Amino acid sequence: MLRYLLRRIMLIIPTFVGVTLLSFTLIHLVPGDPIEARVGERGIAPERLAQLRAEMGYDQPMWKQFLDYERQVVSGDLGLSTVTHQPVWHEFLSLFPATIELSVCAVSFAVLIGIPLGMIAALRRGTAFDFGLMGASVTGASMPIFWWGLMMILVFSVSLGWTPVSGRVSDMYFVEPWSGFMLLDCWWSDDEGACRSAASHLILPTIVLGTIPLANFARMTRSSMLEVLGEDYVRTARAKGLSDVRVNVVHALRNALIPVATVIGLSIGGLLGGAILTETIFAWPGVGHWIIESIQARDYPVLQGGTLLIAIIVIGVNLGVDVMYSVLNPRIRR
Amino acid sequence: MALLEVRNLAVEFTSSRGRFRAVDGVDVTIDSGDVLCIVGESGSGKSVSMLAAMGLIAWPGKVTADVLRFDGTDLLSLTPAQRRKVVGKDIAMVFQEPMTSLNPCYPVGWQIAEALRAHHAVPSSKVRDRVVELLDHVGIPDPGRRMNNFPHQMSGGMNQRVMIAMAISCNPRLLIADEPTTALDVTIQKQILDLLVDLQKKHGMALVLITHDMGVVAETAHRVQVMYAGQMVEEAATETLFAAPRHPYTAALLDALPERAMGRARLPTIPGVVPGIDDRPTGCLFNPRCGLADALCSSTAPGLSGEVGARARCHRPLGGAA
Ligand SMILES: Nc1ncnc2c1ncn2[C@@H]1O[C@H](COP(=O)(O)OP(=O)(O)OP(=O)(O)O)[C@@H](O)[C@H]1O
Ligand SMILES: [Mg+2]
């Protein structure tokens, strides 16, 4: 297990080089640089532009810029944002909790609804419920997030006025950013109104971000459950005289969850991609939103650093999933 | 009164190709302390008929019977919840495949404890002790440690012992063992059978033993039922059956025993195969493979003739008139 973990951690090195190279190349392929982006329509004297470029090192050959950046990152410095002049690392840390909060809510939503639905569909295979759910989940899994988010806003925020359109909490409340997780901070502050506001701001983004994983989890649970229900040990459990709930949940679902856990783990990478879109739609102040803005500002350090950090987190999460998988499946332990 | 009494049991499966009677017209009678062996070729409906008695045939399989009584209680009229109080407690079953019959996600001791808890067989403070005692009872060395093993950490023979421990955990009055040794090594087979017979004697329970092996039948059974293509074709006391089989199929099975084929060049086999879903013959189901079959056999299905406990489903029984 330890050697396996070490090997996985070593994988971070090629990933690091690949991710930085890719994000570096892509952003430099986009016309313009941070200085031009700052100046915008106003224009700037060419001599001044050249001078600023030289100061920032943008006049160097590409490969040299890349190697310099690489050296800087390896020494633990992600640089300063060209817009705010704050360290990229600090900005990331202050924004990341918002992304975690949204992602955790979306995954919980998908797991808590998708798995029971998939299980019930398997137990009632061939019924209208089963067909209906599977039809809905095909639709859900192929839902374009942008369109879906806008539709939800149109219906629930604009027409019905049930939920707020954007942000994390209403401006009426000031909540001490204690943990960075708005729900927890509101809870701590003991302000019921703030809690309610934070929760209502979370609902739509959670649903929008959670829809695709929910559909996938439901389908995966259903097919895995169907397979497990035919297993001998399920018959044994029934032969013991256990209740249906116990047979289906403790014996069948427990085994059916093993492949589902892998799907959940693998979906986390895609989820962070979806979070970028969702944060943009709902003006959710997380890292996704931050990275999108950094593209507009050609904020090289933020874009490259942010992408790198997200890549490392995805690797970390996948590692965690592998560990969890071995806990869940006794057959591969030891 | 018989402990388990089954009359005219039928199990029907519906598949894309239509309906298929896997079991048709099976009677079972077994008293406390009895050992009944059910023999027959693969696919003859041995497992399905016993699963039906246990109430383990899942939808869309359909079970019907004129009588299905355990200890005087009509099992068919019980609600599922009431039936669960009997199944697993008073009637227990050991299955064919020990390696897949235990849940891979839980330690074996936990799985035995679950049966004890489900039927409140012992107070919760005593559950652990009882699990250790049961494992010891079925011959698992170092039970205190072994109970924490997962099924994949044990051999097939050990797992089958665990299955047996689980089955006898609530002191059942009837134990159904469905080919409990088919998946095991020859050396282990004997041990497991001895264990079962030993437990049966010690606890005075009734034992239904499903097997392919006529040798096992001769050693263990008090009474025998022979099944063919979903039907019971003969039932008899063990000695009677071996001495004077009445159904030609039984006779053929016995002829195929190596002990009986002594001196012959090769073992006699029964020509042909058991009819499947689509090729059920008219008349007696065995007639295409039967050396004695005549026009009557291929036109009319024979009923069971003889007294309950000594009957054969044959128009032309061996050894004289039926
Ligand atoms: N769930 C099911 N659905 C449809 N057909 C089934 C089902 N279970 C069993 N059968 C069929 O019923 C017939 C009898 O099967 P059964 O398992 O009782 O045979 P068996 O006598 O136990 O054979 P073996 O010695 O191989 O265990 C077989 O033809 C089998 O294909
Ligand atoms: Mg069988």
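Which element gives the largest share of the shell around ligand 1, and how many residues does that element supply?

Modeller: The largest share comes from α1(B), with three residues. First, the ground rules. Residues are numbered from 1 along each chain as its sequence is written, while chains are lettered from A and ligands numbered from 1 in the order in which they are written. This is a predicted model, where local features need pLDDT of at least 70, side-chain atom pairs count only at pLDDT 80 or more, and totals for chains, interfaces and linings use all residues; side-chain values use heavy atoms, with hydrogens and water left out.

Now the shell itself. Ligand 1 is surrounded by 14 residues, where a residue is near if one of its heavy atoms lies within 4 Å. The closest are S42(B), G43(B), S47(B), V48(B) and E179(B). Two elements of chain B, β2 (18–30) and α1 (46–54), each give at least two residues to this shell. Both are DSSP runs numbered from the N terminus: helices are H or I of at least four residues, strands E of at least two. Sorted by class, the shell has seven polar, four nonpolar and three charged residues. Here Ala, Val, Leu, Ile, Met, Phe, Trp, Tyr, Cys and Pro are nonpolar, Asp, Glu, Lys and Arg are charged, and the others, Gly among them, are polar.

Next, the polar contacts, meaning pairs of N or O atoms within 3.5 Å. The side chain of S42(B) places an N or O atom 2.4 Å from an oxygen atom of ligand 1. V48(B) takes part through its backbone: one of its polar backbone atoms is 2.8 Å from a ligand 1 oxygen. S44(B) also uses a polar backbone atom, at 3.2 Å from an oxygen of ligand 1. On its own, ligand 1 has 630 Å² of accessible area, and the protein covers 63% of that. These areas come from the Shrake-Rupley method with a 1.4 Å probe.

Beyond the site, look at charge pairs. Side chains of opposite charge can pair when their charged atoms come close. The structure has 28 salt bridges over all chains, each a side-chain nitrogen of Lys or Arg within 4 Å of a carboxyl oxygen of Asp or Glu. In chain B, one network of them links E12(B), R19(B), R21(B) and D24(B).

Another bridge in chain B pairs R130(B) with E133(B), at 2.7 Å from N to O. The two are three residues apart in helix α5 (residues 127–137) of chain B, so about one helical turn separates them. R130(B) is buried at 16% relative accessible area, whereas E133(B) is partly exposed at 47%. Buried means under 20%, exposed over 50%, and partly exposed in between, with a 1.4 Å probe and protein chains only.

Helix α8 (residues 186–203) of chain B holds a further pair, K202(B) and D198(B), four residues apart and so about one helical turn from each other. Their closest N and O atoms are 3.6 Å apart. K202(B) is exposed at 55% relative accessibility; D198(B) is partly exposed at 38%.

What about the other chain? D244(A) forms a salt bridge with R84(B), with 3.7 Å between the closest N and O atoms. D244(A) sits in helix α12 (residues 244–281) of chain A and R84(B) in helix α2 (residues 80–86) of chain B, so this pair joins two chains. D244(A) is partly exposed at 43% relative accessibility, and R84(B) is partly exposed at 23%.

Chain A has 14 helices and zero strands. Of its 334 residues, 45% are buried. Its C-alpha atoms fill a box of roughly 85 × 55 × 40 Å along the principal axes. Chain A is divided into domain 1 (2–74) and domain 2 (97–285), with bounds from an automatic or database domain assignment. The centres of these two domains of chain A are 36 Å apart, taken over C-alpha atoms.

Two loop residues of chain A deserve a check. A283(A), in the loop between α12 and α13 (287–296) of chain A, has a positive phi near 45 degrees and is not a glycine. A283(A) is partly exposed at 34% relative accessibility. R298(A), also not a glycine, has a positive phi of about 50 degrees. R298(A) lies in the loop between α13 and α14 (300–328) of chain A and is buried at 18% relative accessibility.

Definitions and conventions
A polar contact is a pair of N or O atoms within 3.5 Å; within protein, one must be able to donate a hydrogen and the other to accept it, and residues adjacent in sequence count only if both atoms are side-chain atoms.
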